[in-house]
Amino acid sequence: MPRTTTHAPKPDWTDPDCPVARTLDLVGDRWSLLVIRDAMDGARSFTEFQRRTGIARNILTERLRKLTAYGLLAQRTAPSGRRQEYVLTDAGRDLFSVILTLRQWGERHAFAPGEAHSTLVDEHGTPVPDIVPTSADGSPLDTDTTHVRKIR
């Protein structure tokens, strides 16, 4: 069963039948995935998100509001009891593979050969291997071996 968010208004979908377009309508702006990335890396407070990204306060306020409204982040009282903090929901954690795929694409195409960049490592310090989509039988998938089945 598909997951839906009922507590947020539905946006005007760019392409209502396309999952990629709907996803981009929700998180495809310049800052939303960076906020999610930083939440995955332990950021919890408004101040932490602002410091890590350099995003303007008014834009960060709007992104946090949007990501919370659409169920990607949730607000809760911080352990100190003095402030609110933001935590990933299951839907927000489900964006891990998206962030990882974007990271790996960026490592291959957004840096000059040999240019230094951060590296994502597992709990043992080993770099995370490249994600390769595979079919049910294990063979690699790409644009030549897949197509979109339209509903119309």
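A residue counts as buried when its relative accessible area is under 20%. In this predicted model, 25% of the 152 residues of the chain count as buried.

**Overall build**
- The chain contains 6 helices and 2 strands.
- Read from the N terminus, the order of the elements is α-α-α-α-β-β-α-α.
- Along the principal axes, the C-alpha atoms fill a box of roughly 55 × 45 × 25 Å.

**Surface and contacts**
- Among contacts in the chain with a separation of 6 or more, 41% are made by residues 24 or more positions apart.

**Helices H2 and H6**
- Two packed helices are described by the angle between their axes and by the distance between the axes.
- Helix H2 spans residues 32-40, and helix H6 spans residues 96-109.
- The axes of H2 and H6 come within 10 Å and cross at roughly 105 degrees.
- Angles of 65 to 115 degrees count as roughly perpendicular, and H2 and H6 are therefore roughly perpendicular to each other.
- On the H2 side, the contact is made by Leu33, Arg37 and Met40.
- On the H6 side, Phe96, Ile99 and Leu102 make the contact.
- By type, the residues of this contact between H2 and H6 divide into 5 nonpolar, no polar and 1 charged.

How values were computed: Residues are numbered from 1 along each chain as its sequence is written. This is a predicted model: local features need pLDDT of at least 70, side-chain atom pairs count only at pLDDT 80 or more; totals for chains, interfaces and linings use all residues. Side-chain values use heavy atoms; hydrogens and water are left out. Axes are lines fitted to C-alpha atoms, for helices over the stretch in contact, and angles run from 0 to 180 degrees between N-to-C directions. Helices (H or I, at least four residues) and strands (E, at least two) are DSSP runs, numbered from the N terminus. Angles under 35 degrees count as roughly parallel, over 145 as roughly antiparallel, 65 to 115 as roughly perpendicular and the rest as oblique. Contact means heavy atoms within 4.5 Å. Ala, Val, Leu, Ile, Met, Phe, Trp, Tyr, Cys and Pro count as nonpolar, Asp, Glu, Lys and Arg as charged, and the others, Gly among them, as polar. Buried means under 20% relative accessible area, exposed over 50%, partly exposed in between (1.4 Å probe, protein chains only).
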